[in-house]
Amino acid sequence: MAQRIAEKLGRLDRQSATILNIFAGAGYEQVAPPIIQPASLFLDVVGEQLRNRTYVFNDPDGEELCLRPDLTVPTCRLHLERHGLKGDVSAKYCYSGPVFRYQPGGGDATHLREFRQEGLEAFSPLDRETTEVEVLTKTLEALKASGLKGSQLRVGDISIFLALLKAIDMPPRWRDRLRQSFWRPEAFRAELKRLTSMPKAALTGLPEDLIARLDPNDPKAAETEVASYLADKALEPIGERSIAEISDSLLTAAVDARTPALPASVADLIERYLAIAAPVRAATARLKDLAREKGLDIGTALDAFIRRNELLTAAGVDLGKAEFSAEFGRNFEYYSGFVFEVVVPSLGPKSPVAGGGRYDGLMKAVGAAGSIAAVGAAVYSDRLALAIEEASKGD
Amino acid sequence: MTERLVLALPSKGRLMEETEKLFADAGLPVRRVGHARGYRGEIEGLPNVEVAFVSASEIAERIKSGKAHLGVTGEDLVAELVPAHRAAVTFLKALSFGHANVIVGIPAAWIDVVSMASLERAAVAFRRQHGRHMRVATKYGRLTRSYFADMGVSTYRIVPSLGATEGAPAMGTAELIVDITTTGKTLEANGLKVLETILKSEANLVASKAATWPPEVREAENILMKRLGIM
């Protein structure tokens, strides 16, 4: 038993050295962010849901800490500590180390609560597609050098969805709402249904007599009106949320109710886009068709998608078997553009051996002064070793 | 050696009184063993049953760990304290006492917030305005997280509350609460209203799936269940 564990660790160590060698060779500096991180950092990025999957604890000072559930956020933090909150210095980092996630029932061979990752992160405002292609090709190279064969690449691109949303004519606040709920598919569907079928329902449950008296063009008067309504009903405002905030929110509802609903064809268009799941080449054709048919200008995002694919092909990546899915990336809020993962048949689609993408908004969530262009990926080392072992059994 | 069935019953308050009445009415008088305020008991005529008097939340913990086979406790506590409780615990019978609703409570002055969807919109605007998340005071962290996630609400932070949760918004330590209420009077007195009911809870007779159930314990369970009119 002890010998088998030693052998496994030895194998993981060798694999780690192989991968880091490739990343370092491409100019990625090896860093080792702390394993223990402030929980608030991750709570800001992930929200309270973090606690369902992460080892969060209090130290004797009462400070809330966690065992890092990934290495991307700690690497962002390290970058900001080195370069200040502006953080606008190009840098490329790589790492190898354990991360920790709670697994219900203790987990299994592909979902360990303590597992190793090798990864790379590029913070660079330079050519977007070139950076993305570099991160993906270095990841694929690392997998290949470790001995992986017969894997499949899956890609997605959230910026195409964002471009689609931008191209559809609607009030900016509705666009914001759809964008914000994108990463929670059920809430997104409910919001879309509300906007397309029943804007009047924006008033359901609200004091309609009061709303009828509010003038959206005079927020100050509306606030006074709301204040006297609350006073009449003996409803005392408590806490920090002010009457002005309540009044603004009522005004938004009032305006929503008077705005014509989005045509049903918009919901149809969005659903049709999200349903696209096809090999990359076929998906490209469908994206073009959809844009042309609806007369939508998503050219820039589509051009970037096509250019990236050309660069990937030029770099020797076989896109013939790669699959595009419009939904891909919806499960992880910090991705903002290109996303990818590598799956193998022996472990199935739910246990990728590597994954990554673009996350331009993450640095700001971690504390940076503004958005910082960022692309990264991680190799799930234990799964990779398992996949290679499974394949060698079949030989 | 014969193993005894461990029955965990509430050790204080209304829940204890109602539970003792339930067993007494079924011809199962529960007696404390040792001194009057002891934590162990037995049921007359059922030597294979050992009674443990503990707090309602401790009962949920013991059902979870399998230290107790059966227990009487609130569904709210089981849902909060036992992960995947629907799979881990068998609800044998709802007992029609210990009624309490787990609710989302917001300031009554928030006349613009009428659903969880509008709460999320208000929370997003609040974050933009104040540069921090809305805080939810609660001792039901797990229930809150899973309900809010189901409803698409994510822009909030939980503040653990150990008591007098209803007072948190007025004291300025949270913007809203998730708590139990029976009549809603306390909420009202604190300037709050019910936005949604997460769970309508009452006392339940529950069985542990984590406990070991040798034949003699099963037999004791069967006798208890028959006497309580459950089977």
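In which sense do β3(A) and strand β4 of chain A pair, and over how many bridges? β3(A) and β4 (residues 64-67) pair in the antiparallel sense, over three bridges. Strands count as paired if DSSP finds at least two bridges between them. Strands (E, at least two residues) and helices (H or I, at least four) are DSSP runs, numbered from the N terminus.

The model is predicted: local features need pLDDT of at least 70, side-chain atom pairs count only at pLDDT 80 or more, and totals for chains, interfaces and linings use all residues. Residues are numbered from 1 along each chain as its sequence is written, while chains are lettered from A and ligands numbered from 1 in the order in which they are written. The predictor gives the complex an ipTM of 0.85 and a pTM of 0.85. Chain B averages a pLDDT (the predictor's confidence in each residue, from 0 to 100) of 92. In chain B, 98% of the residues score at least 70.

In chain A, three strands form an open sheet in the order β2-β4-β3. The pairing is antiparallel. β2 (36-38) and β3 (56-58) stand at the edges, each with a single partner strand, so one side of each has no neighbour in the sheet. From one strand to the next, the twist averages 40°. Three bridges join β2(A) to β4(A). Here A:P38 has A:L65 of β4(A) as its bridge partner. The hairpin of β3(A) and β4(A) has five residues between the strands. Within this hairpin, A:G62 takes a positive phi near 90°.

A helix pair was also examined in chain A. Helix α6 (residues 158-167) packs with helix α14 (residues 299-314) at an angle of about 165°, with the axes 8 Å apart. Axes are lines fitted to C-alpha atoms, for helices over the stretch in contact, and angles run from 0 to 180 degrees between N-to-C directions. α6(A) and α14(A) are therefore roughly antiparallel (over 145 degrees; under 35 is roughly parallel, 65 to 115 roughly perpendicular, the rest oblique). Their crossing is left-handed (the near helix is turned anticlockwise from the far one by less than a right angle). A:S159, A:I160 and A:A163 of α6(A) meet residues of α14(A) that include A:T300, A:L302 and A:F305. Contact requires C-beta atoms, placed from the backbone, within 7 Å.

Notes. Two residues are in contact if their C-beta atoms, placed from the backbone, lie within 7 Å.
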